[in-house]
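Hi there,

Here is the structure I promised to pass on to you. Please open it next to this email and follow along as you read.

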Amino acid sequence: MSRFSELGNALYSGEKSVDFIGRRKIWYAIAALVVALSVILPVARGGFQLGIEFRGGSEFRVAAVAEMGDQLARDTVHAVLPSVEPIISTVGENDLRIQTTKLEDVQAEQIRTSLAKAYGVESNSVSSSFIGPSWGQEITGKAITGLLWFIGLAAVLMALYFRTIKMSAAAVLALIHDLVVTAGIYGALGFEVTPAAVIGFLTILGYSLYDTVVVFDKIRENTFEVEFSETATFAERVNLAINQTLVRSINTSVVAVLPVAAILFIGSVFLGAGTLKDISLALFIGILVGTYSTIFIAAPFYSHLREGEPLYKDSAAKVLAKR
Amino acid sequence: MSDNGLVRNSRKKLTWFFLLIFGLAALIGGAQAAGAPASYVPSLALDLQGGTQIILTPSLGEGKAATQGQLDQAVAIIRQRVDATGVSEAQITTQGEAANAAIVVSIPGKPDEATLKLIKASALLEFRPVLTTTQDTSTAIGGDSTASPSAKPTSAPIATGSAKPTSPSDLNWVTADVQKAYDELSCRTKATSTVADFREAGQVDDPAKPLVTCDREGAFKYILGPVELAGTDISDASSGTRSSSTGASLNEWAVSLSFSDAGGKKFWDVTKRLFPLTDPQNRFAVTIDGYVITAPATNAVISNGAAEITGNFSQTDAKALADQLKYGSLPISFEVQSQENISATLGGSQLANGLLAGGIGLLLVIIYSIFQYRGLAIVTIGSLVVAAILTYLVIAVLSWRQGYRLSLSGVAGLIVAIGITADSFIVYFERVRDELREGRPLTAAVEVGWKRAVRTIIVSDGVSLLAAITLFILTVGNVRGFAFTLGLTTIIDLLVVALFTHPLLQILANTKFFSSGHKWSGFEVRASAGYRGRGEFRVSESVSQAKSKKTSREVNRRQTIAERKAAESGISKKDQ
């Protein structure tokens, strides 16, 4: 028998138990610290680096290119501006389109002439212009509206299913924690925010809430009519539920995070799939944070909200008096 | 034996599941054989496959430049039009500034004619009152259209505009010049034309002056008054069948129009003026780029900003007109400057490397699940494989039927879906193990564990589905594509776990290898009847199989308080 399923047995029976609820002040303190850092660090770095898709940028077009590969163009841009990551595609028969973040006129001119030199064409067959954002205010505005509606509807759905609004409150709090922390780590590392990264954040949102609902369903089951119990308090039952679902939480997050981690570490470090790193980083952080917050924030906070209710307080007092 | 009944039932479910997979595969194959553009390979989006880049420049007449506001509005409208054709994640942006401003539309793959038309349809939509109309006899007679000016309209000149017109419907708009232009107009300039083509591409009309024009087909020509409402005054348009006064649905298609608040007021004024007039002056014409698309008569004064256009519409005509009215309201008109192929922004090698890395990740998932679930890993891996096949086929069908295209964000959604799908099995297996720990035999544990797990699976997937539907309805572009993928994988997760994983486990539970709790079965759980944890709240020491089915609902809901207390007092010694 594997030691892990032995652990599962012990956690299920309560033989072994981690006191998640009792140490909640520690978890709250950690969460407050991490959230504060998630806000401070990106600001200290000068805010988020938004990609071309959000801010618009400069566009160069090299006409009638002999060699179509994108490496030469990438190297040329890097030679002038090492920190700029260009988006390169071919247009029409043999034109090359190179998009970068918005450049100063001098820099743009420099890139234009170096591109002409690198591709061995006349400098006037390289054109330079500005492009607007393809992910405009409109998309962002609608995405935010959609998000708010979703969080509102999900809160209502959970309140109806679990028959308490406090579960919705705890789940939404954990969700906000996840979004702030994921965005914070992303910003602190100085990764460029691309549409792919935004999609990553949205995916995390779904995953985080999903994970919370699974654990909350076990809590609902364990705390059913706990007020009549003479052996366990509300908080203990919540703690037991977290412990009983701990093996599930670990297994699920490992299974979810393995493919993402493979893309992030093997893919972008060894194989050079650089453009996948933005989305896989958002997902990697988000899955881990999402699992963490269910156990260390959502569940303790829910218990916190409810154990003070007179019904549970009275029964807990009786149970403790008996011991 | 009830067990055999269960096994038979599970086999039936599995059969249905595989029929579904084969059905989808056969659907694609059959459509392919019948010549439809179906394929076993899903289409890819712009970032993975490249596509077509169309540059549109505003045509505003001499020396005028489009404002950024107008361009942004146009981008939003073009995006709506493209989104309406399916989930294709087009990229629409502005380029250049002031006089050089343009809109760049990039759409994946090779767009079909209809999509191109939709984007290119520069579509400046306007409402003008009809002053007069006749059949265009010049081309209706056919033959040499250069001789057409001799074919005079049958109606006499309606007025000689001399006084200053007092309202847009005033016939004084028809000055001698206008009348001359009208008489000489022939809608189709060439004998071979099947549609009206007398206007120059990008021709700009003065909204304050009358307009001489034709309908799209070139069958009728019109003199129209000045512009009364613009397309931007329309807030929505839809098509549907009309209802009779008794509420019964008539087999008659109509287009419903809603105006914005300001538009509704203007339309009220228009109908107040037009309603008492006689035909054709009681009609108003809707023009797109100067061509009349419809010219209905006013048969009521409409004050609530909601109009209905009826006529002998087919369903397709009604839908097309509604789409034109809804999405046709660009603030300015555009001309196509260029249309070129564009390559993928993600290099092919990068995608291949990403997929290779993802493959390695999947291999790690398999190793982990063998380590964790031993023999049960067959079920996990099998379920993930069939989920992958089903997802792949559904995507292939949708990219054929709905224009769905797989983008990088879509792939990311699918990768995370591995986690969510696997979670359903994990929740289920852990529940079965919990029941085994209760001392139930495997077949009973599978049944009870399933009933408990399915509730969790449904509610958690319900939340995901809610996210998907909300985001799909409310958002545009990439976010919409993501929502679609999320919804799709969530539904597939439910299907797989209910129709594949559970039946398979039911069958396996009846085999000796699993039911004996073999050490490699993944169900070798210490089922000690002796222990009772402090969280334990079930009475049953060993539950008979028949009873175990009943207890599948909330066990303690069925207990009386006295029973529960008895049970708990029996075990309380062991607590603490």
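Let's begin with one residue. Ala36(B) sits in the loop that links helix H1 (2–33) to helix H2 (46–49) of chain B. Ala36(B) is partly exposed, with 13 other C-beta atoms within 10 Å. For that label, C-beta atoms are placed from the backbone, and a residue is buried if 20 or more others lie within 10 Å of its own, exposed if 12 or fewer, and partly exposed in between. The C-alpha atoms of Ala36(B) and Trp400(B) are 8.7 Å apart, although 364 residues separate the two along the chain.

A word on where this comes from: the model is predicted, and local features need pLDDT of at least 70, side-chain atom pairs count only at pLDDT 80 or more, while totals for chains, interfaces and linings use all residues. Residues are numbered from 1 along each chain as its sequence is written, and chains are lettered from A and ligands numbered from 1 in the order in which they are written.

**The two chains**

Chain A has twelve helices and six strands, and 53% of its 323 residues count as buried. Chain B has 16 helices and 13 strands, and buried residues make up 46% of its 576 residues. Two residues are in contact if their C-beta atoms, placed from the backbone, lie within 7 Å. Among contacts in chain A between residues at least 6 apart in sequence, 77% join residues at least 24 apart. In chain B, 72% of the contacts with a separation of 6 or more are between residues 24 or more positions apart.

One helix of chain A to look at is H9 (residues 234–244): eleven of its eleven residues are buried, so H9(A) is largely enclosed by the rest of the structure. Among the buried residues of H9(A) are Phe234(A), Glu236(A), Arg237(A) and Asn239(A).

**Strands in chain B**

Which residues of S10(B) are buried on each of its faces? Phe284(B), Val286(B) and Ile288(B) are buried on one side, and Ala285(B) and Thr287(B) on the other. Five of the five residues of S10(B) (284–288) are buried, so this strand is largely enclosed by the rest of the structure.

Two strands pair if DSSP finds at least two bridges between them. Strand S4 (residues 125–135) of chain B pairs with S10(B) in the antiparallel sense over five bridges, and Pro129(B) stands opposite Phe284(B). S10(B) also pairs with strand S11 (residues 291–294) of chain B, antiparallel over three bridges, where Val286(B) faces Thr294(B). The hairpin of S10(B) and S11(B) has two residues between the strands, and Asp289(B) takes a positive phi near 50° there.

Elsewhere in chain B, an open sheet of three strands runs in the order S8-S9-S12, with antiparallel pairing. Strand S8 (234–243) and strand S12 (306–313) of chain B stand at the edges with a single partner strand each, so one side of each has no neighbour in the sheet. S9(B) (residues 249–259) pairs with S12(B) over six bridges, and Val255(B) stands opposite Ile309(B).

**Where the chains meet**

The contact takes 87 residues from chain B and 83 residues from chain A. H11(B) gives the largest share of the chain B side, 17 residues.

How do two helices from opposite chains meet? H6(A) (residues 137–162) and H12(B) pack at an angle of about 150°, with their axes 9 Å apart. Axes are lines fitted to C-alpha atoms, for helices over the stretch in contact, and angles run from 0 to 180 degrees between N-to-C directions. H6(A) and H12(B) are therefore roughly antiparallel to each other; angles under 35 degrees count as roughly parallel, over 145 as roughly antiparallel, 65 to 115 as roughly perpendicular and the rest as oblique. The residues making this contact include Trp149(A), Phe150(A) and Leu153(A) of H6(A) and Val463(B), Leu466(B) and Leu471(B) of H12(B).

Enjoy exploring!

How values were computed. Helices (H or I, at least four residues) and strands (E, at least two) are DSSP runs, numbered from the N terminus.
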